[in-house]
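Subject: Structure handover

Hello,

Here is the structure I promised to pass on. Please open it first, then read my notes below.

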Amino acid sequence: NIHVIYGDVQDLKVLDTAFQFKPKTVYHLAALFANQNSVDHPVDDLESNGEGTVKLLEYCVKFKVEKVLYTSSSCVYGNSKNMIEDSHGELDTPYAITKLLGEQYLKYFSNYYGLKGIIIRVFNCYGNYDYPGIYRNVIPNFFQACYANTNLNIYGNGEATRSYMHIDDLIFGLIKLSDIKFNSNCITLNLGSDVPITIIDLANKIKFMSNSESKIVFCDERKWDHIKHRRPNLQKAKKLINWDPKISFNSGLDKYNNWFKKNMSSK
């Protein structure tokens, strides 16, 4: 009972086709990903994350969608120490700017048209089908380097921390949110892991798992990357939908390693 329509969220013909099914709930996951990509291509980032979001929301109003779930990003917190949903920090990249822009547009459409909106600020997600590449996440890129026995490049001193959530936990949270009842037109909440790990520890862990001979090389910090620590406050998610991540980082990384070895390590 699944219909797959391939296309660009900015293409009105694609939206026309998709909305003929008259959905009651829309998950808006489309985006130009992510920080470095947006620094290199700020106009593409604005068109995809800004204009694409507005076009989608206009269709949601036109076709009387009841609820929109929009995946924002932990990037909107910048270097904030306490990452609570009623705040945001200094925005360091076009990606952070346009993800917050998408939040503001959803709030506007919610307040003006009565569209129910849920903003999900996603923290450092990983899992199967997370491919390596120039603009992709650190975990697939570290695995790719380890299986090729090439250098593991760390920007800065490696002491920055991130909290990594397995994709299965995110999906479980998104499904739970589809049934949530709330009084206001639009709510925001974090979904992520609250167990931090330093980048140097992550590199060593992946080296060990892949039995790699890769060397760790420390590089100059990227000009846009000022975030030293990123860890979500999950109190709101626990209270509203009784959600917290169930997959430990070691277990999730082992799952991803098995998938990567089968699908990517020879490429």
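I started with the aromatic rings, where the count comes to 21 aromatic pairs. One of them is formed by Tyr126 and Phe249, and that pair is edge-to-face. The ring centres are 5.7 Å apart, with 85° between the planes. This pair links distant parts of the chain. Tyr126 sits in strand S4 (residues 125-126), while Phe249 belongs to helix H9 (residues 249-263). The two residues are 123 residues apart. Both Tyr126 and Phe249 are buried.

Please keep in mind that this is a predicted model.

There is also a ring cluster to look at. Ring pairs connect Tyr129, Tyr131, Phe143, Tyr147, Tyr256, Trp259 and Phe260.

Two other rings have a charged residue over the face. Lys62 lies over Tyr59, at 5.4 Å from the ring centre.

Now the overall picture. The chain has nine helices and 10 strands. Its C-alpha trace spans about 55 × 35 × 35 Å along the principal axes. Does the radius of gyration agree with a compact globule, or disagree? For 267 residues, a compact globule would have a value near 18 Å. The chain has 19 Å, so the two agree. Buried residues make up 46% of the 267 residues.

Next, the charged pairs. How many salt bridges does the structure hold? The number is eight. I will go through three of them.

Take Asp130 and Arg136 to begin with. Their side chains meet in a salt bridge at 3.4 Å, N to O. Asp130 has a relative accessible area of 6%, so it is buried. Arg136 has 36%, so it is partly exposed.

Then look at Arg162 and Asp225. They form a salt bridge whose closest N and O atoms are 3.7 Å apart. Arg162 lies in strand S6 (residues 161-163). Asp225 is in the loop between strand S10 (216-219) and helix H8 (235-241). The pair therefore ties together parts that are 63 residues apart in sequence. Are these two residues buried or exposed? Arg162 counts as buried because its relative accessibility is 8%, and buried means under 20%. Asp225 counts as buried too, at 17% relative accessibility.

Lys246 is exposed, with a relative accessible area of 61%. Asp244 is partly exposed, at 26% relative accessibility.

Salt bridges that share partners join Arg162, Arg222 and Asp225 into one network.

Finally, the surface. Which residues make the nonpolar surface patch of about 370 Å²? They are Tyr27, Leu29, Ile171 and Ile175. Tyr27 lies in strand S1 (residues 25-28). Tyr27 counts as partly exposed because its relative accessibility is 34%.

If you have time for a few views, I would go in this order:

- The edge-to-face pair of Tyr126 and Phe249.
- The ring cluster that includes Tyr129 and Trp259.
- The salt-bridge network of Arg162, Arg222 and Asp225.
- The nonpolar patch, with Tyr27 among its residues.

Best wishes

Technical notes
Residues are numbered from 1 along each chain as its sequence is written. This is a predicted model: local features need pLDDT of at least 70, side-chain atom pairs count only at pLDDT 80 or more; totals for chains, interfaces and linings use all residues. Side-chain values use heavy atoms; hydrogens and water are left out. Patches are made of residues with over 30% relative accessible area and no salt bridge: like charges are joined within 9 Å, nonpolar side chains (Val, Leu, Ile, Met, Phe, Trp, Tyr) within 5 Å. Accessible areas come from the Shrake-Rupley method with a 1.4 Å probe; for residues, only the protein chains shown count as cover. A salt bridge is a side-chain nitrogen of Lys or Arg within 4 Å of a carboxyl oxygen of Asp or Glu. Helices (H or I, at least four residues) and strands (E, at least two) are DSSP runs, numbered from the N terminus. Buried means under 20% relative accessible area, exposed over 50%, partly exposed in between (1.4 Å probe, protein chains only). Rings of Phe, Tyr and Trp (its six-membered ring) pair if their centres lie within 6.5 Å; planes under 30 degrees apart count as stacked, over 60 as edge-to-face and the rest as tilted. A charge sits over a ring if NZ of Lys or CZ of Arg is within 6 Å of the ring centre and within 35 degrees of the ring normal. The radius of gyration is taken over C-alpha atoms; the globule rule is 2.2 Å times the number of residues to the power 0.38.
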